[in-house]
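Here's a quick walk through one fold, for anyone who likes to see what sits where before digging into details. Have a look at the model first.

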Amino acid sequence: MSEISPKTTVITLNWNGADDSKACVRSLFALNYPRFDIVVCDNASKPESWQSLQALTEEFPGRVQVFESLQQALASSAPRADITLIQTGANLGYAGGMNVGMRYALANPATDYCWVLNNDTEVHPDALTHLVGRMQQDESIGICGSSLVLHHDRQRLQAFAGSSYNPLRARSAALGINARVDEIPASPAAVEAKLAYVIGAAMLVSRRYMSEVGLMDERYFLYSEEHDWAQRGRGRFRLGYAPQSLVFHKHGATIGTASSGGSELSLFYLFRNKLVFTKRYYPAYLPTAAISLLIDALKFFAKGKPGKAMASLRGLLACRTMAKF
């Protein structure tokens, strides 16, 4: 790493999860990395969640700024604080909310990296140091991932950074899922060779990547946006993995395949966006992907979950109305 550490802005998104968001912020303050600040965007949570989040001003006196909009934050002439809370004003989805934080971060010319982090994560003190170190080893890396460890079982992993992808079936497979912590590879090479995308729970992204590729596509709203982001950078940037960067994810093991559980709303977006992604980048595989996803949706009927089956089918049908993608 260079003598002066690159400036990193950590961005996380709150939506009615203030307790998780505050726990995430507390873990970030234990980082041993010397140059970072934190931006927490709130996607129009219930008033009590937004108010609870603002209690950080009492927990970290003099170190927190609160803004009621991105415009207000960008217009402020006050020096940037260690923690900035920004109200987005609406539920903009994952990509939309995170993009607000990235726009604020990139308005500061000193920002070199954005660390996009789920609010249901906590981080090891060395996590950011290892991520930035891997990015600096190879300047062709545009997005770098961590070892995602299950928060409730810190000997098991959700993934080595991200997932591989089978476009024939529109199916992702988390690399290293359920591996033990002592099985984390010493070298990132084998994992990086298989990465189709870095899981959105923890992505360190270079300023150059955001400038050349753009931010996440907000039309996805929920699911597949990080895959789309990686796909758009293909050929210009590599995806990286920092094995010793540990991020503890509370809800990381809930969705293993397209036929797994989840709320009906989340299943709608999961199935819709898998088909949208295929339509956008692998149109030749659209028939096989659609059949595979249809089978996954129908499995819910066999499991006695008709509501989830119908939500998944509605997601597949919704893809037809998204011709502009």
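What follows covers the core, the strands and some salt bridges of this predicted model.

Let's start inside. The largest nonpolar core has 97 residues, and those touching the most other members are Leu28, Met102, Trp115, Leu117, Met203, Leu204 and Trp229. Helix α5 (residues 93-106) gives the most to this core, with seven residues. Asparagine 99 also lies in helix α5. With a relative accessibility of 1%, asparagine 99 falls under the 20% cut-off and so counts as buried. Setting aside neighbours within four places in sequence, asparagine 99 is in contact with Leu215, Met216 and Glu218.

Next, strand β12 (residues 202-206). Five of its five residues are buried, so β12 is largely enclosed by the rest of the structure. Ala202, Leu204 and Ser206 point one way, Met203 and Val205 the other. Strand β5 (residues 111-117) runs antiparallel to β12, joined by five bridges, and tyrosine 113 stands opposite serine 206 in β12. Strand β7 (residues 141-150) also pairs with β12 in the antiparallel sense, over three bridges; here cysteine 144 has leucine 204 as its bridge partner.

Elsewhere, an open sheet of three strands runs in the order β10-β9-β11, with antiparallel pairing. Its edge strands, β10 (171-174) and β11 (197-198), each pair on one side only. Four bridges link β9 (residues 162-166) to β10, and serine 164 has alanine 173 in β10 as its bridge partner.

| Salt bridge | N to O distance |
|---|---|
| arginine 134 – glutamate 192 | 3.0 Å |
| glutamate 192 – arginine 238 | 2.9 Å |
| glutamate 212 – arginine 208 | 3.0 Å |

Why does the pair of arginine 134 and glutamate 192 tie together parts that are 58 residues apart in sequence? Arginine 134 lies in helix α6 (residues 127-137) and glutamate 192 in helix α7 (residues 189-194), so the link spans that stretch. Both arginine 134 and glutamate 192 are buried. Glutamate 192 in helix α7 is also linked to arginine 238 in strand β13 (residues 238-249), 46 residues away. Glutamate 192 has a relative accessible area of 8%, whereas arginine 238 is partly exposed at 32%.

Glutamate 212 is partly exposed at 39%, and arginine 208 is partly exposed at 43%. Finally, salt bridges that share partners join Asp217, Arg219, Asp228, Arg232 and Arg280 into one network.

Definitions and conventions: Residues numbered from 1 in each chain as written. Predicted model: local features only at pLDDT ≥ 70, side-chain atom pairs only at ≥ 80, totals over all residues. Heavy atoms only, no water. Core = buried A, V, L, I, M, F, W, Y, C linked by side-chain atoms within 4.5 Å. Buried < 20%, exposed > 50% of the residue type's maximum accessible area, 1.4 Å probe, protein only. Helix = DSSP H or I, 4+ residues; strand = E, 2+ residues; numbered from the N terminus. Pairing = 2+ DSSP bridges. Contact = heavy atoms within 4.5 Å. Salt bridge = Lys/Arg side-chain N within 4 Å of Asp/Glu carboxyl O.
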